Amino acid sequence: MISRLKAIMRKELKSYFNSPIAYIVTGVFLSAMAVLYFFFSGDIATRFADLRGYFSYIPWVFILIIPAVTMRSWAEEQRSGTDEVLLTLPFREAELVIGKFIAAFLLLGLMLVLTVVVPVSLSALGTFEFGQILGQYLGVLFYGGACLTVGLFVSALTKNQIISFLATALILFLLVAVNFLNAFITFPSAVASAVNWLSFRYHFEPLGKGLIELKDLFFFVIMGAFFLFLNVKILVIKKWR
Amino acid sequence: MHLDKKRKEIITGLLFLGALVFAGLDSCLYSVRIDATSSGMFTISDVSRNLFKDITDQVRITYFFTSKLADTNPVYGQIEDILRAYADSSHGRIKLAVVDPVKENREREVEEYGIRQFPVGRQTSEEDLSLINNASSGILIQYLDRHRVIPRVQSTDTLEYDLSSFIRSLVSNRSKKIGYLVDAPEFDYQTFSNLVTKPLQGYMDFTEIHKDNDVPQTLDALVIFGGTGFTDFDLYPIDQYIMRGGRVIFSADPVKIINQPQIGIFGTSVENAPLFSLLKTYGVTVSPEVILEHPDLALQIGNGFRYNYCFNTYQDFVSKDNPITSRMRPITFFWASPLAISPPSGEKAETLVSTSHLAAAMKEMNGQGFRLDPATASLNYQRLASDHKQSYPLVAALSGIFPSSFKDKQIPTKEGVKKDWAKTEPASTPTRLIVIGDSEIFSPQYVSQVSPGNGGFLINCLDWLTNDEDLLSIRNRAAQDTLMAKIQDPDARKTAVTVIIIINLVALPILVIGIGVLSFLLRRRTKKSER
């Protein structure tokens, strides 16, 4: 199973790095984060030496970056017809889905590794807390992982990359911003809690400041597992057809 | 066969979804929280957590906060974090609301609760500074029909302590009764009220005690500012208050300061004041000397002058074991006198605060008083320190059974005043005293100007005297140290920030895209050569 996963992963990573997509998405991601952090967060001198401000933009930036990473995954296979070949190969559907997910996750990991330049360069201005930053990166990885599964699932539903991009962005926006409803509508407390529970941003907020709550990590694992499961089921249904 | 496979898929699918729902519910019920910050920024102490057990109805905390303030200082975000930590740890017993009074049209409420509004400058661009009028950062804590207010919060230093002590007093519905007795002619009552009594109202209620009146035994503690003018007749009720278990802070020294423009700063010895005999009975002698501290610790006045008679004392010179001083900010002493501590049997004494090992002490010269002018301070220090320097105790904490200063003596009398005092108690029940060799340490006119830490020190002393030691174990949160302000020089700082922005905004993305272009070209070349 591991060798099959590796094979799919390798194929996916190759497709990311053989096209300009990985480089462009990474470059845009780094620039967007830098613009937001350095130009929209006030004077650096009045900020604490932590990356809280930086990570607070992650949920919003990921709304556009994650779909760009995942839009090709299944949509391109379907457009070019390689999905049928894939489904006839001796791979289980779950292996195909997980292999693609791991490849996208590794690309995301690489993008995040490059953001380490921010605290390293800023350490000339202040002393950063290693533990807090580590906690924040852990949170972003869980959050990003869950977002990727949404993108992969949506990509499996269509053969059009643009539709895949837009639909993923829309779903992510809804999942990120759903808890704003509580600011405008007074729900009964159980409904308000459910609305909060559904919100990706609500669960990311503590992680983004270095407060690791197991329930938030679990939330992203559960969401990720749920969308991967749906992705697998989409493939199974396609196979039956 | 096909149908069987479908059924199997559906069943495993449903089981998987069921497991996810179960795992989700389980994680909500049994979550673990790890605060990744080394300072525990998002964690409140066990003392505060234990408070929640006593809360039967919900405590409502409202943080009235002008949201524009967030751009002026990141500390406001940390204030909100601590408040959230309370709400999150309380299992629903504390409810937090963050309210922008302007946006939510609740400015009137802010005014009614006495939350202070203040103007703040906000940097909108490199050159432009806009003013936020009527900004608020105050906390209202409500429980049943009672409430307490922290009128203005601008730091997280003592926030947890303030919140926990206020919640405790709200829930228990009892405030501490503190008496204060003033023997200082220039005591600024208005400033004292603004700085100490009003902000603590509800947690500690202060009442002025006049020396002609008795000291009510119902007081939880008594603070004596000065006292060198007290006669035995004035001191007797204080001694008997202590003998019946009363707890007292003495802030006194035997050098009376006269600060007049015509003659400069001058000190006269009042070492024969009866107060010092009383303190000696309790085990503390206040020497008729004035401390001169090393210039590094001395207060800076005027054009860079170091005035060695007024100085700060830091963590290095305080007891780390006693809760009063273990969480203390720097405190400032003004013309302090050294203590000699020799507790009688049955009593425990501890030096809470000392000078540095480089301090000197000045004695009165031939009965002519002390010349304490700024111009001669440095010379006097050098002269005395070259002769002898050492660490001098400045604050002592005493606990145990104290002998009465009036034991085996006649009850003092005053002509024309008749008092119905009961018989003299010869020894106290177990109690606590604090002696500070400085009558100006809590003097409002000095505290308000130069030493905000002294007010906190007074509250710590009162908490220790009145037994709230657990609250004192809540540590201070010194957040200011972590600002990104390592480079102070504005030009160097601007250059550093520009370089950092170029690296992150331009160089790094270009490098990534450049690698992409390079690998594309390499691939194309390889393909061409293969063809």
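Which element gives the largest share of the nonpolar patch? In this predicted model, the answer is H10(A), which supplies 3 residues. Two elements give two or more residues to the nonpolar patch: helix H10 (161-177) and helix H11 (181-184) of chain A. Leu174(A), for one, sits in helix H10 of chain A.

Helix H1 of chain A was examined next. H1 runs over residues 2-18, a total of 17 residues. At 1.5 Å a residue, helix H1 should span 24 Å, and its end C-alpha atoms are 24 Å apart, so expectation and model agree. Five names make up the buried set of H1(A): Leu5(A), Ile8(A), Met9(A), Glu12(A) and Tyr16(A). Seen down the axis of H1(A), these buried residues fall within an arc of 100°, so they line one face of the helix. The spacing follows a general rule. An α-helix has 3.6 residues a turn, so residues three or four places apart point the same way. Ser3(A), Arg10(A) and Lys14(A) lie on the other side of H1(A) and are exposed. The buried residues of H1(A) have several packing partners in chain A: helix H2 (21-39), helix H4 (58-70), helix H5 (75-80) and helix H7 (93-114).

Charged pairs were then considered. Side chains of opposite charge can pair when their charged atoms come close. Over all chains, the count comes to 19 salt bridges. One of them joins Glu12(A) and Lys11(A), at 3.2 Å from N to O. Glu12(A) is buried, with a relative accessible area of 4%. Lys11(A), at 37%, is partly exposed.

A salt bridge also links Lys100(A) with Glu77(A), where the closest N and O atoms are 2.8 Å apart. Lys100(A) belongs to helix H7 and Glu77(A) to helix H5 of chain A, so the pair ties together parts that are 23 residues apart in sequence. Lys100(A) is buried at 1% relative accessible area. Glu77(A) counts as buried too, at 5%.

In chain B, Lys176(B) forms a salt bridge with Asp463(B), and the closest N and O atoms are 2.8 Å apart. Lys176(B) lies in strand E7 (residues 176-183) and Asp463(B) in helix H12 (residues 452-465), so this pair ties together parts that are 287 residues apart in sequence. Lys176(B) is buried, at 7% relative accessible area. Asp463(B) is buried at 0%. Back in chain A, salt bridges with shared partners join Lys11(A), Glu12(A), Glu77(A) and Lys100(A) into one network.

How values were computed: Residues are numbered from 1 along each chain as its sequence is written. Chains are lettered from A and ligands numbered from 1 in the order in which they are written. This is a predicted model: local features need pLDDT of at least 70, side-chain atom pairs count only at pLDDT 80 or more; totals for chains, interfaces and linings use all residues. Side-chain values use heavy atoms; hydrogens and water are left out. Helices (H or I, at least four residues) and strands (E, at least two) are DSSP runs, numbered from the N terminus. The expected span of a helix is 1.5 Å times one less than its number of residues. Buried means under 20% relative accessible area, exposed over 50%, partly exposed in between (1.4 Å probe, protein chains only). The arc is that of the directions from the helix axis to the C-beta atoms. Contact means heavy atoms within 4.5 Å. A salt bridge is a side-chain nitrogen of Lys or Arg within 4 Å of a carboxyl oxygen of Asp or Glu.
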